[in-house]
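Subject: the structure we talked about

Hi,

Here is the structure I promised you. Have a look at it first, then read on for what I found in it.

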Amino acid sequence: MSEALIPREHYLKILRGFKDKPLVKIITGMRRCGKTSLMETFIEDLRKSGVPDSSILHLNFEKKENSHIKDGSALLKAVDDAVELKEGTYLFFDEVQDVTGWEKAINSMRYSGADVYITGSNAKLLVSDFSTYLSGRYVEVELYPLSFREYAQFAGREKSNPDQTLLEYMINGGLPQVTLERKGGADTDRILSATFETVFIKDVIEKNRIMDAAAIRNIAEFAMKNIGNITSTRSVSNYIVSKGGKITPPTVDSYLDHMEAAYLFYRAKKYDVKTKEYLRTANKFYIADLGIRNNVVGYDDNDISGLIENIVFMELLFRGKKVSVGKIGENEIDFIVTNEVRKEYFQVTMGLFDQNVREREVRSLKKVEESSPKTIITFQRYPFKEINGIRVISLADFLLEEFE
């Protein structure tokens, strides 16, 4: 297997679990986060298990050779010409949302018994359109840039000092192509810049027919600079006005929605632990890839607190968790993680050697009365694994630990 097809076992395990089930598998995520490579490694899995090439079809609609397939009818014809639609046939389509009427065509293929996998870079197009035609007969597998564990594997740094590798990860981000190119000594600034521009222009501006490109670019930069800070649409609107623009808070919210749909940013809603309600106007935004963020607005040591918070947030999403930020009285809890069984509470901090910082981080978690697990994640290693019954773990160790 080539370097470009280093297996991402976390996601392959998920796909294997849904193989041959009568569900369309939708692999979503930001452009260049590895959706096509994941498909290709899964196709290699199928070949190794004995599936013949005659039963596998992979069409990438970003390639010129498939540009003639413009609508659902042409898609069905291309598939019929290439393979026999039946059980035991595996169909893979990259960026299928660029084909008009793809939804009905995919649904027709599913009815034939074929096992169908598609990728897309826009959440709204895929999920909303698909739900109309499939009535829940699909599963979404969201793909993120490399987790820290994956980054160490891709970069060949699995046996290196994890704290040093973490610094590289925080600065360079986790786009697979960037990681592999850097491993070979290449300058990756152009790749990061081109990736941002492609996502921003194709999946945000063109997809949503946005006329004021300057305003939404300013909003993107504002969100990048304010990672880990509470962000209201009013504060963003005021920022745009200070830059000489004019925009209303509802338009700001709409633009942020578009960037979320392109998987460029993720919104964490604020949850009041006492009232058990989400607060409408207090959100935090985190970027999918810190390499893109640092390329666009620059890296500064003063930003580390926000950057490590971003890393923890994306890791929790990678682990399949539902994540919000918490409020309990006047105190803030960085992350509340919810699953079917329980809640978990996390504080993220540079270090615990300063007594005031230590007391602040512990105070917020101690205010949570329930007996759910509570953890403080520190960038700087701390010599104790527990404070007042609260687990303490370094960021590098947290990112490398086994999880359910």
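Predicted model: local features only at pLDDT ≥ 70, side-chain atom pairs only at ≥ 80, totals over all residues.

Now to a pair of helices. At what angle do the axes of α7 and α13 cross? The answer is roughly 60 degrees, and the axes of α7 (residues 162-172) and α13 (residues 290-297) come within 5 Å. Angles of 65 to 115 degrees would count as roughly perpendicular and those under 35 as roughly parallel, so α7 is oblique to α13. On the α7 side, the contact is made by Met 170, Ile 171 and Asn 172, while α13 brings Leu 290, Gly 291 and Asn 294. Three of the residues in this contact are nonpolar, three are polar and none is charged.

Next, find the open sheet. In what order do its five strands sit? Going across, you meet β2-β3-β4-β1-β5, with parallel pairing. β2 (56-60) and β5 (138-142) are the edge strands, each pairing on one side only. From one strand to the next, the twist averages 15 degrees. Inside this sheet, β1 (residues 24-28) and β4 (residues 115-120) pair in the parallel sense over four bridges, and Ile 26 stands opposite Ile 118 in β4. Lying across β1, β3 (90-94) and β4 is helix α4 (residues 102-111), which runs at about 155 degrees to β4.

Then there's helix α14. Its 15 residues (304-318) reach 21 Å from the first C-alpha to the last, close to the 21 Å expected at 1.5 Å a residue. Is α14 mostly covered or mostly open? Mostly covered: 14 of its 15 residues are buried. After α14 comes Gly 320, whose phi is positive, near 85 degrees.

Val 325, in β8 (residues 322-328), counts as buried because its relative accessibility is 0%. Beyond its sequence neighbours within four places, Val 325 is in contact with residues including Lys 270, Tyr 271, Tyr 286 and Ile 333.

Ile 336 is in β9 (residues 331-338), and its 0% relative accessibility means that Ile 336 counts as buried too. Lys 270 is 66 residues away along the chain, yet the C-alpha atoms of Ile 336 and Lys 270 are separated by 9.3 Å. Setting aside neighbours within four places in sequence, the contacts of Ile 336 include Tyr 271, Val 273, Val 323 and Tyr 345.

Tyr 263 is not a glycine, but its phi is positive, about 60 degrees. You'll find Tyr 263 in the loop between α12 (249-261) and β6 (265-272). Lys 276 isn't a glycine either, and it has a positive phi of about 60 degrees; look for Lys 276 in the loop between β6 and β7 (277-287).

Happy exploring!

Conventions
Residues numbered from 1 in each chain as written. Heavy atoms only, no water. Helix = DSSP H or I, 4+ residues; strand = E, 2+ residues; numbered from the N terminus. Expected span 1.5 Å × (residues − 1). Buried < 20%, exposed > 50% of the residue type's maximum accessible area, 1.4 Å probe, protein only. Axes fitted to C-alpha atoms, helices over the stretch in contact; angles between N-to-C directions. Parallel < 35°, antiparallel > 145°, perpendicular 65-115°, else oblique. Contact = heavy atoms within 4.5 Å. Nonpolar A, V, L, I, M, F, W, Y, C, P; charged D, E, K, R; others polar. Pairing = 2+ DSSP bridges.
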